[in-house]
Amino acid sequence: MRSRTMFQSAVLGASLFAGLASAVVAVPAIAKTTKVGGIYAVSVAGFRFAEGRLSLVVQNDAYSAKLDMHSSGLGRLFSSGKGNAEATGWLRRSHVTPARYDLRSNSGKRDATKVSMALNRGAVRKLAVSPKLRKVPDRIPVTKRHKRNILDPLSAVLFPATGREAKLDASACKRTIPVFDGWTRYDVKFSYKGTREVKNPDYQGTVVVCGARWVPVAGHRPHKVSVKKMADNRTMEAWLAPVGDLPLFVPYRISMETNMGPLVVEARRLRMVGEQKQAAAVNE
């Protein structure tokens, strides 16, 4: 299960920033297609071990997202792991409505981890996962109630603003996200910490810095040390970058302390093409 945990931690993450429930999105009527392409470096204790490539397309009332990850840098010495996730859905009546989520990852030494999830109006209708969670007496069971009003992990790349524009203030962080990843159900609670100025080859500007807390709900074992440490972690942060003229943010940087040192997922490239232009996402 380690490959699934590491992959989803890096996928915006832990899955710290996964999923958005009933979040408000007001997409301007003039917007035809907006594309976001990002290349994210994943490092632990300052050593790069993986790279992720994010592609997001918002077209009228539909969105599709794809994330490909593979070992990189020092990580190649320990694993040939790779994985990909895809999500699709709609932006209807000012809400994110996921329709499909698929995850595939492989550490190179273990069986592949798989999730296939179909959703309707925020509720899971079909679900297939591999491997299955081991049945143990102290695990909090996941019920049908836990599979309603949730978003899949990759839909976390959509951080909608609460109004008609992406304001760089506390409103960007005022949200609690209910997430179901196929195995576990948890909330991520955000809080405002301030703003920062960032600069990379494709993106320069202000980002909003949010603190985050991971709150387990179901599917976990509450007495496990790893669960307690995650729930008590006060170091989680997400830096959010506005997407063009849309009332929408995407993660620029994600960080948290781990037993091995700081885990950081940060954009090396972040390209946004919006309004009525038609251009390819980052693919280099």
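A disulfide is a pair of cysteine sulfur atoms within 2.5 Å. The views below come from a predicted model, where local features need pLDDT of at least 70, side-chain atom pairs count only at pLDDT 80 or more, and totals for chains, interfaces and linings use all residues. Residues are numbered from 1 along each chain as its sequence is written, and side-chain values use heavy atoms, with hydrogens and water left out.

**View 1. The disulfide of Cys173 and Cys210.** Searching the whole structure turns up one disulfide. Its sulfur atoms, from Cys173 and Cys210, lie 2.0 Å apart. The link is left-handed, with -80° about the S-S bond. It joins distant parts of the chain, 37 residues apart. Cys173 sits in the loop between strand 8 (159–160) and strand 9 (176–180), while Cys210 belongs to strand 11 (residues 204–218). Strands are DSSP runs (E, at least two residues), numbered from the N terminus.

View 2. Are Cys173 and Cys210 buried or exposed? Cys173 is buried, at 1% relative accessibility. Cys210 is also buried, with a relative accessible area of 1%. Buried means under 20% relative accessible area (1.4 Å probe, protein chains only), exposed over 50%, and partly exposed in between.

**View 3. Ala50 in strand 2.** This strand covers residues 47–59. Ala50 counts as buried because its relative accessibility is 7%. The C-alpha atoms of Ala50 and Val265 are 9.2 Å apart, though 215 residues separate the two along the chain.

**View 4. Confidence at residues 1–31.** pLDDT is the predictor's confidence in each residue, from 0 to 100. The protein's mean is 82, and 79% of its residues reach 70 or more. Over residues 1–31, pLDDT stays under 50. Over residues 276–284, pLDDT is also below 50.

Conventions:
Helix = DSSP H or I, 4+ residues; strand = E, 2+ residues; numbered from the N terminus. Contact = heavy atoms within 4.5 Å.
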